[in-house]
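Thanks for coming. I will go through how the parts of this model are divided and where they touch.

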Amino acid sequence: MENVRSLIDILELSTQEIDELVEVAAKIIEDPAAYAHKCDGKILATLFFEPSTRTRLSFESAMLSLGGQVLGFSEASSSSAAKGESVADTVRTVSCYADIIAMRHPKEGAPLVAGRHSLVPVINAGDGGHNHPTQTLTDLLTIHHEKGRFENLTVGFCGDLKFGRTVHSLISAMSRYAGTRIVLVSPEELKLPSYVKKEVLQKNGIPYTQTTDLEAVMPELDILYMTRVQRERFFNEEDYLRLKDSYILTPDKLQNAKADLSILHPLPRVNEISVAVDQDPRAAYFRQVRYGRYIRMALIMKLLGIQ
Amino acid sequence: MTIDSIKNGIVIDHIAAGKAMELYAILGLGELDCSVAILKNVSSGKLGKKDIIKIDTILDLDWDIIGYVDPNITVNIIKDGQRLEKRQLKLPERITGVLRCKNPRCITSVEQELPQEFKLTDRERRIYRCLYCETQAGK
């Protein structure tokens, strides 16, 4: 619906709005009790047409922490989609039961369809290999908390840069800040798609380098964003098996890294970050999970128009 | 070769040579009852060779689609034997119902009643992307 504000793509939020969300999230972190009843009487529907326990729990935790309630389903087989119902019809129905919807769907563009037919705000909680704006908001809040700024940062992305939607979204989001430099580390087969380079990096005049050698570029990085090679994004199992262990971050590889490097990962990790790195204070990925809850609280409040 | 000049109708001119049939099909001109003439490989000072379509009636065409096929096309509206209007076209920001998304992961691949919508993302390179999944048109 035209007059209902949804969040389907991170770029729908201006940098000013992102600053505001980051500010609200910081206030929530400081004093969670002050926000414990902001959403009393409100209902969040979590429509997860494919399983994603982490994201779903993060949304539910966010709404419960605001005093609201949650309902929904965690896989398509327990929804009417299994009977062949369209996304539009499902959302028209659910938007009569809830005040806000978080939707995850395996098909790209499904949340956009939902947003067009919903009576209430829809948050894209991930659509296939396409967008995942609340992960990007989580990444941005983490970067801001770790570094105190968005500007003048060298951000390294390592692993699956081809199918990694969190990578594409974060690159788009960071390309709006002055002084951003991007370093792309991946095997040849999983390089960042050329359209992202042309339509995001080159269009915004963002300097970037591409390499296969993580250790060589490590000293330059302020942020290292590690990603998992995701089995579900491959049509061919052989390709997945060949590429899944391309980069494994170990304490040795961090020897030349900056003392104030922040290591991020959208999680879940498989083996691309050795557990030995968890003890390193530069490992920010578990703090990142915590930030995910707070930024979703801030976003839910914003879309519901709650101050 | 001569084709009668039209009194009331539309002349779609400066079509890149070889593109007239594509435009004819996209615009659905085959469904019209009136005379429609297609001239192929006409000599042109500007283009070397060009195609022209003459339609013997004034009707409301989808200008966006014509602009997508070739933004250099000019459209002349003829009334009482005089040129009433000359339209310069440009690439449309959005195109609906002409292109199909080929991405098997796109929602339009399973919900086929959804309108196929594409947005212009790079004017210089004439790149359109699916509004739903952002896959480049034709890929």
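**Domains and contacts**

Let me start inside chain A, where 18 residues of domain 1 are in contact with 18 residues of domain 2. This is a predicted model, so please keep that in mind throughout. Which elements supply the domain 1 side of that contact? In chain A, α1 (15–30), β4 (122–127) and α10 (285–304) each give at least two residues to the side of domain 1 that touches domain 2. By type, that side of domain 1 of chain A has eleven nonpolar residues, five polar and two charged.

As for the bounds, domain 1 of chain A covers 10–131 + 292–304, and domain 2 of chain A covers 134–289. Taken over C-alpha atoms, the centres of these two domains of chain A are separated by 25 Å.

Now to chain B. Here domain 1 runs over 9–88 and domain 2 over 94–130. The centres of domain 1 and domain 2 of chain B, again over C-alpha atoms, are 25 Å apart.

That leaves the contact between the chains. How many residues does each chain bring to the contact? Chain A brings 13 residues and chain B brings 14 residues. On the chain A side, α4 (110–117) and α7 (194–202) are the elements that give two or more residues. The largest share of that side comes from α4(A), with three residues. Sorted by type, the side of chain A that touches chain B has five nonpolar residues, five polar and three charged.

That is the end of my part.

Key:
Residues are numbered from 1 along each chain as its sequence is written. Chains are lettered from A and ligands numbered from 1 in the order in which they are written. This is a predicted model: local features need pLDDT of at least 70, side-chain atom pairs count only at pLDDT 80 or more; totals for chains, interfaces and linings use all residues. Domain bounds come from an automatic or database domain assignment. Two residues are in contact if their C-beta atoms, placed from the backbone, lie within 7 Å. Helices (H or I, at least four residues) and strands (E, at least two) are DSSP runs, numbered from the N terminus. Ala, Val, Leu, Ile, Met, Phe, Trp, Tyr, Cys and Pro count as nonpolar, Asp, Glu, Lys and Arg as charged, and the others, Gly among them, as polar.
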